[in-house]
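Biologist: I would like to go through this model feature by feature. Please give the general idea each time, then the case at hand.

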Amino acid sequence: QVQLVESGGGLVQAGGSLRLSCAASRSIFSSNTMAWYRQAPGKQRELVARITTGRSTNYANSVKGRFTISKDNAKNTVYLQMTGLKPDDTAVYYCNSVPSVYTWGQGTQVTVSS
């Protein structure tokens, strides 16, 4: 069973930056499109960024131009660089494949203060 472990969240002021990491317990990134998802309180989980096996990327309109997804297949790790953070970015952030076939990790909390 693959384990996904997210890290790097925290409390940041609006306009700040964070870099999230997601480590997989075994090699899955070379055979799956991977994505970062987020879930804000009282809202459904949404996909915010994805990266294909060929490293093509796309983003939700709400984060386009501010977030960058990348991956290191050798380290079994996918990253999300977040800049220009807004209070609306406050959520628990998760990684998973697209579609999400692996057990969800615990996520990492991102809180953006105004």
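Biologist: How many salt bridges does the count come to?

Modeller: This is a predicted model. As a general idea, side chains of opposite charge can pair when their charged atoms come close. Here the count comes to three salt bridges.

Biologist: Which residue forms a salt bridge with Glu46?

Modeller: Arg38 does, and the closest N and O atoms are 2.7 Å apart. Glu46 has 34% relative accessibility and so counts as partly exposed. Arg38, with a relative accessible area of 6%, is buried, because the cut-off for buried is under 20%.

Biologist: Which parts does the pair of Arg38 and Asp89 tie together?

Modeller: Their side chains meet in a salt bridge of 2.9 Å, N to O. Arg38 lies in strand β4 and Asp89 in the loop between β8 and β9, so the pair ties together parts that are 51 residues apart in sequence.

Biologist: Where does Arg66 lie, the residue whose side chain meets that of Asp89?

Modeller: Arg66 lies in the loop between β6 and β7 (67-72), so its pair with Asp89 ties together parts that are 23 residues apart in sequence. That salt bridge is 2.7 Å, N to O. Asp89 is buried at a relative accessible area of 1%, and Arg66 counts as buried at 13%. Through shared partners, the salt bridges join Arg38, Glu46, Arg66 and Asp89 into one network.

Biologist: Now the strands. What is the strand order in the open sheet of six strands?

Modeller: In general, strands of a sheet pair through backbone hydrogen bonds, either parallel or antiparallel. The order in this open sheet is β2-β10-β9-β4-β5-β6, and the pairing is mixed. β2 (10-13) and β6 (57-59) are the edge strands, each pairing on one side only. On average, neighbouring strands of this sheet are turned by 25 degrees against each other, direction ignored.

Biologist: How many bridges join β4 to β9?

Modeller: Six bridges join β4 (residues 34-39) to β9 (residues 91-97), and the two run antiparallel. Within this pairing, Ala35 stands opposite Asn96 in β9.

Biologist: Is strand β3 largely enclosed or open, and why?

Modeller: Five of the seven residues of β3 (residues 18-24) are buried, so the strand is largely enclosed by the rest of the structure. Four bridges join β1 (residues 4-7) to β3 in an antiparallel arrangement, with Ala24 in β3 as the bridge partner of Leu4. β3 is also joined to β8 (residues 77-82), antiparallel, by six bridges. There, Ser21 has Tyr79 in β8 as its bridge partner.

How values were computed. Residues are numbered from 1 along each chain as its sequence is written. This is a predicted model: local features need pLDDT of at least 70, side-chain atom pairs count only at pLDDT 80 or more; totals for chains, interfaces and linings use all residues. Side-chain values use heavy atoms; hydrogens and water are left out. Buried means under 20% relative accessible area, exposed over 50%, partly exposed in between (1.4 Å probe, protein chains only). Two strands pair if DSSP finds at least two bridges between them. Axes are lines fitted to C-alpha atoms, for helices over the stretch in contact, and angles run from 0 to 180 degrees between N-to-C directions. A salt bridge is a side-chain nitrogen of Lys or Arg within 4 Å of a carboxyl oxygen of Asp or Glu.
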